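Reader: Let us go through the terms used for this model. I want each label set against its rule.

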Amino acid sequence: MSTGAIRAAAQPSGLLRLYTSMPVLFCFCAMAILTTALWCLGFQLNNDADDLLKLHEIRTLLETGNIFDRTLPGIVQPEPYVSHWPWIVDLPYAAFARLFAPFAGFEPALTLASFAVPLLLLAPALYFYNRLVTAIGFAYPAVALPLALIFAARSFFEFAPGRIDYHNLQILLLLAALVLMMSQNRFSAFVNGLLTALAIAVSAEFAPFYAMVMAVYAFDWIFDREGGESRIVGFGLALTVGAIALFAAIVPPSAYTAVRCDTYSTPHVTALVAAGLSFAVVPLLAGRRGGWPMRSAILLVFAAASAAVLAVLFPQCLASPYASIDAYVRDNMINRILQELSLFRRPDVVLSTGFLSMALLFIGALAPAVICARPEGRSRPLVILTLFSLLSLALAIGYVRYYRYLPIFSGIGLIFALASLLPNAGLGRYLKSPVPAASHGYALILPGLVLSGAMVLYHLSVKPAHAAVPAAELADGCYSSPFEPEQGWPSGAIVLSPPLIGSRFVALAEGPKVVTIPNHPSAKGIERSYRFLDPATADPRAILDASKATHVAICAWRGPPLPGLEAAYPLAAALIEGRPPAWLRECPTKASSPLRIYSYRNADGSDAVCPTSTLAAQARP
């Protein structure tokens, strides 16, 4: 073979060169194809009832056009249900559906928006993730990015078609904030201040992460890092302006003085403005006098004063968002939701199918900290990654709600761990980075293994308490089954059901109203649905009357009788098995339906009419 032929053979193909120059595009296409295929096959990557409620919320916004009224008409407890999500989280879907509605029709456009918008949000999320991988120092992002994406797939499945909850938007904003912190552009801090205000307006769930963002800018100023003063001032001014602008955009003038701790309102804007003004003012007060102790003291005084004022003005927000909910609902429903627990309280940690993935996430989360333990391994991007990785790990252990975000950071840490175990030949050489401590071998995986072992020992020695399963939870067990709720409901029908089944009904284009869905603003409805099936309730009919329900829907059991269930939960077992009391009448349903539906009576005392059809023709996401 000639020299020219050998050189030609050694040249990468055009497709490989294209991939090397645009790995984000290829990774996006791969993720879009994978998640779309799983969606078409009926796989639920998240199976979150919040997506069904969001569909109803977006539909209501499009139908009414009122951005300030967050009352959802399909949920009558009978108290009105007021959503705790601001309208800005519905905006991408509503705008997309409005754009295509003249061509496809209202419901098809809404379905198309539910499919397409999460994928559209995935594209910039992958762009920022690639920027993060590149900033960390991997020499071959075209290899590191897809590998990190595989490790972090659980987090990026939040961008799957149909996943219309706000978590994908949170991830996108956080990745953008991380990249902006690592940027040397003088406007990056200002933009980050605006993004921080937007992220908190979307949900205060990510407040710990953005507190860390503020801490990084404060550290740069306190220790007089290059550009630290301009960055903290720019961030503070943007945070203040963004918080006030979003308050005007989200909150109606009539509610400016209202205090709602679970959604963006006066306490949130007050906290953000106080933080923003503190950041903007302290450099002017401190000037060039003193060193880091004085600067730290000045900033801590402002922070303490702001915290004290907030505690005095809004004491009701010092507790959790669930503090005002009746203890019965907290004990029987909210405190039993797995994501509302810590890993120490979850009963399914050890010997579960997810334990191996948990151990890998622990390894990836702690690997950057091992690298930063040596001074020569530290760089600004890596230190920032380490701080957020450790914070994410602590949050995930203490509150499982944050567990879905841990893979974002663990995915990058696992690349370091894998690179330290691979030889320099083959794949190993493409994962190396200029970080000296990345070759510590097993030292990178040891902390994660130790933490995983400690978790095992804890759960083997201190077994989490197992409370009795409420009857309504058992009656809600068919939520994950593929089913189409009945159609042809009579006008004015109101269905009392367990919360998850209620979320199925509320997502219908034309369906009955429901008493409850599984979100804390529906606490009164949740209490009624749980007490209705509770054996301790003396007169279940009083619950139906109080909720003004005309029908009851419950999961069906079409097999042999269940003696154990009948003894523990007489009413629930009777309804599940199709043996209703005299004051309920079972409606005809398909033999294959996982639901049983019962009619009660209308508000005027007449018998409620059953649904007229069991054909599956309702529009669903």
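Author: The largest cavity has a volume of about 60 Å³. The model is predicted, so local features need pLDDT of at least 70 and side-chain atom pairs pLDDT 80 or more, while totals for chains, interfaces and linings use all residues. Residues are numbered from 1 along each chain, and side-chain values use heavy atoms, without hydrogens and water.

Reader: What makes a set of points a cavity?

Author: On a 1 Å grid over the protein atoms alone, a 1.4 Å probe fits at the points but cannot get out. The count is 4 cavities of 30 Å³ or more.

Reader: Which residues line the largest cavity?

Author: Lining residues have an atom within 4 Å of a point. Among them are Lys54, Tyr93, Asp165 and Asn168. Helices α5 (91–104) and α9 (167–182) each give two or more residues to this lining.

Reader: Why is the packing of α7 and α18 called oblique?

Author: Helix α7 (residues 141–151) and helix α18 (residues 406–421) pack at about 125 degrees, with axes 8 Å apart. Angles under 35 degrees count as roughly parallel, over 145 as roughly antiparallel, and 65 to 115 as roughly perpendicular; the rest are oblique. Therefore α7 is oblique to α18. Their crossing is right-handed.

Reader: Which residues of α7 and α18 meet?

Author: Contact means heavy atoms within 4.5 Å. Ala144, Leu147, Ala148 and Phe151 in α7 meet Pro407, Gly411, Leu414, Ile415 and Leu418 in α18. By class, that contact has 8 nonpolar, 1 polar and no charged residues. Gly counts as polar here.

Note on methods: 1 Å grid on protein atoms, 1.4 Å probe; cavity = no way out; pocket = protein on both sides within 12 Å on 5 of 7 lines; lining within 4 Å. Points joined across faces, edges and corners; volume = space filled by probe spheres on them. Helix = DSSP H or I, 4+ residues; strand = E, 2+ residues; numbered from the N terminus. Axes fitted to C-alpha atoms, helices over the stretch in contact; angles between N-to-C directions. Left-handed = near helix turned anticlockwise from the far one by under 90°.
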